[in-house]
Amino acid sequence: MIPADRGKNGARGTAGARIVGPSGSNRAGGCRYLPRESLHLLRPHLGVRVGDRDGGRPVSALPSGDAASPVLVPHWLTGADRGELADTVAAALASATVHPVAAIRLEDVLTELHVAAARDAVWPSSAARVRLATGWDADVLPVRLSAAELASVLALPTLRPVLRARLAGGAAR
Amino acid sequence: MTAPFGRSGLLQRLRGVRIDVADLREVADAVLPGLATGGLRIAVADRRGGAVVVLEEEENRQVVALADLAEDMAEGGVPATTEGMAAALAAWVAHRPVTRDAAQRAGIAVLDWADAGRTALGWVVAVPRGRAAVTWTASGGTDPRTVDRIRAAARGRAAEVPLDLRVEGTVALWSHPRLSLLATAVLGHPERLLAGVAEAGLEMPDMHVVVTPRRPVACAGAGVAARLAGQANEDQVTLPWRDFTTLPWA
């Protein structure tokens with residue numbers, strides 16, 4: 001077993017990584033009761049999966065559930081939604097017209113789009129239960145964004161109204 | 001022994017599916033003799049408290065009441081049909097304890113939960129057997145030098161386990177195509193881990209690894225790993241890659 005010598009919550013002082021539990025274990029997250037997760041459920045539609053994009057984007061300090069971390073709200077998006085969101089954000093970043101602070105948030109949005117797919121590959125059961133309950137297609141995944149990240153996306157003038165409405169919750173089920 | 005019958009869903013439990021012991025006895029009498037191989041002997045015997053199944057293989061001997069098996073199968077959602085019970089019995093036999101000799105011949109070092117509370121990881125020796133990988137537990141009285149030899153061989157074998165590497169942005173995901181428990185074999189050989197990540201075109205000077213045993217292994221920079229693990233809905237352990245080789249044996 002990992003020695004339980006890492007202090008309360010097992011914090012190891014690694015850059016941005018919060019290790020919780022007496023011996024390096026991060027306990028599973030809290031309530032996954034569907035209605036509690038569906039405040040911002042967005043109507044998915046058919047489409048393609050988001051592809052691999054450039055792999056070396058920097059990311060800012062990221063939330064991991066402690067009190068100082070922002071709450072990440074799931075937005076259920078199809079592969080087409082995620083691809084469109086990634087393209088829109090990447091184009092905005094490439095245009096160099098985005099405020100530097102917003103650019104950091106947008107980089108984090110791009111990261112989250114990949115992390116969402118990775119999360120589903122490692123722990124598929126939670127999203128699968130939601131898809132089963134809702135009848136959504138297999139490519140619908142929760143993309144978890146902080147309020148700041150979401151605001152940065154919604155501030156993009158190039159965001160299509162349909163996707164904007166989905167992200168803003170206007171088209172929620 | 002891991003749970004060979006899985007866990008039933010809420011719907012199945014609400015339906016109250018039960019396995020009749022007499023029916024199971026009938027199926028066991030028909031199926032179990034065909035599952036005996038080489039050194040594995042299987043018998044159904046009548047005892048005062050009811051019928052039992054006896055598995056004997058080299059140093060291992062297991063006696064399980066048929067009634068307990070029936071209860072576990074019902075809990076695991078096994079269909080109360082001849083086919084369902086036959087498949088469940090085959091799965092149960094496939095999950096029987098690993099012998100010392102099998103561990104020596106085919107053991108692979110992987111990570112598993114080291115405690116019932118799933119708070120810590122430790123290295124174990126896993127042996128592929130059909131569609132499952134079963135972990136080896138040294139029986140009491142096994143010579144410590146033999147245990148060390150088996151573990152060393154398993155650690156060496158882990159380097160050769162064929163694994164898939166998938167990249168999602170800045171996250172590298174290692175998995176085994178068939179036996180999910182074997183995915184963590186890569187963590188016993190950091191040079192393989194680092195080479196794979198580098199070949200995938202990823203730069204992770206502060207690489208952290210997120211591990212839930214029997215699930216794909218995720219490697220990412222510290223910040224991305226924290227984002228991934230922070231929203232996980234299952235127990236997991238996140239550590240810098242260097243820390244895995246020094247984890248003790250469970």
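This is a predicted model: local features need pLDDT of at least 70, side-chain atom pairs count only at pLDDT 80 or more; totals for chains, interfaces and linings use all residues.

Me: What does the secondary structure of chain A come to, and in which pattern along the sequence?

Reply: Chain A comes to six helices and three strands, and along the sequence these follow the pattern β-α-β-α-α-α-β-α-α. Of its 173 residues, 36% are buried. If we take the contacts in chain A between residues at least 6 apart in sequence, 73% join residues at least 24 apart.

Me: And what are the corresponding values for chain B?

Reply: Chain B has eight helices and 11 strands, and buried residues make up 39% of its 250 residues. Among its contacts between residues at least 6 apart in sequence, 62% join residues at least 24 apart. The C-alpha trace of chain B spans about 65 × 45 × 25 Å along its principal axes.

Me: How should I read the packing of two helices?

Reply: Two packed helices are described by the angle between their axes and by the distance between those axes. In this structure, take helix α2 (residues 21–35) and helix α4 (residues 82–94), both of chain B, which pack at an angle of about 50° with their axes 9 Å apart. Because of that angle, α2(B) is oblique to α4(B), and the crossing of the two is right-handed.

Me: Which residues of α2(B) and α4(B) meet?

Reply: From α2(B) come Asp23(B), Leu24(B), Val27(B), Ala28(B), Val31(B), Leu32(B) and Leu35(B), which meet Thr82(B), Met85(B), Ala86(B), Leu89(B), Ala90(B) and Val93(B) of α4(B). Sorted by class, this contact of α2(B) with α4(B) has 11 nonpolar residues, one polar and one charged.

Me: At what angle do the axes of α2(B) and α3(B) cross?

Reply: The axes of α2(B) and helix α3 (residues 66–75) of chain B cross at roughly 105° and come within 9 Å. An angle from 65 to 115 degrees counts as roughly perpendicular, so α2(B) is described as roughly perpendicular to α3(B). Val21(B), Leu24(B), Arg25(B) and Ala28(B) of α2(B) make the contact with Leu66(B), Ala67(B), Leu69(B) and Ala70(B) of α3(B). By class, the contact of α2(B) with α3(B) has seven nonpolar residues, no polar ones and one charged.

Me: Turning to the nonpolar cores, how many residues does the largest one have?

Reply: The largest nonpolar core has 81 residues, and those with the most contacts inside it are Val110(B), Leu182(B), Val209(B), Ala218(B) and Leu228(B). Helix α3 (residues 100–122) of chain A gives the most to this core, with nine residues. Apart from this core lies another, of 17 residues, among them Leu24(B), Leu66(B), Ala70(B) and Val78(B).

Me: What does Val110(B) touch?

Reply: Leaving aside residues up to four places away in sequence, Val110(B) touches Val124(B), Ala126(B), Ala158(B), Leu181(B), Leu182(B), Thr184(B) and Ala185(B).

Me: Is Asp112(B) buried or exposed?

Reply: A residue is buried if 20 or more other C-beta atoms lie within 10 Å of its own. Asp112(B) has 20 such atoms and is therefore buried. Asp112(B) lies in strand β4 (residues 108–113) of chain B, and, not counting residues up to four places away in sequence, it touches Gly122(B), Val124(B), Thr135(B), Pro213(B) and Ala250(B). The C-alpha atoms of Asp112(B) and Gly122(B) are separated by 5.8 Å, although the two are 10 residues apart along the chain.

Me: Where is Gly39(B), and which residues does it touch?

Reply: Gly39(B) is in the loop between α2 and β1 (40–47) of chain B, and it is exposed, with 12 other C-beta atoms within 10 Å. Not counting residues up to four places away in sequence, Gly39(B) touches Glu57(B) and Glu58(B). The C-alpha atoms of Gly39(B) and Glu57(B), which are 18 residues apart along the chain, are separated by 5.6 Å.

Me: What is phi of Glu58(B)?

Reply: Phi of Glu58(B) is near 45°, a positive value in a residue other than glycine. Glu58(B) is in the loop between β2 (50–57) and β3 (60–65) of chain B, and with 14 C-beta neighbours inside 10 Å it counts as partly exposed.

Methods: Residues are numbered from 1 along each chain as its sequence is written. Chains are lettered from A and ligands numbered from 1 in the order in which they are written. A nonpolar core is a set of buried Ala, Val, Leu, Ile, Met, Phe, Trp, Tyr and Cys residues joined through C-beta atoms within 7 Å. Helices (H or I, at least four residues) and strands (E, at least two) are DSSP runs, numbered from the N terminus. Two residues are in contact if their C-beta atoms, placed from the backbone, lie within 7 Å. Axes are lines fitted to C-alpha atoms, for helices over the stretch in contact, and angles run from 0 to 180 degrees between N-to-C directions. Angles under 35 degrees count as roughly parallel, over 145 as roughly antiparallel, 65 to 115 as roughly perpendicular and the rest as oblique. A crossing is left-handed if the near helix is turned anticlockwise from the far one by less than a right angle, and right-handed if clockwise. Ala, Val, Leu, Ile, Met, Phe, Trp, Tyr, Cys and Pro count as nonpolar, Asp, Glu, Lys and Arg as charged, and the others, Gly among them, as polar.
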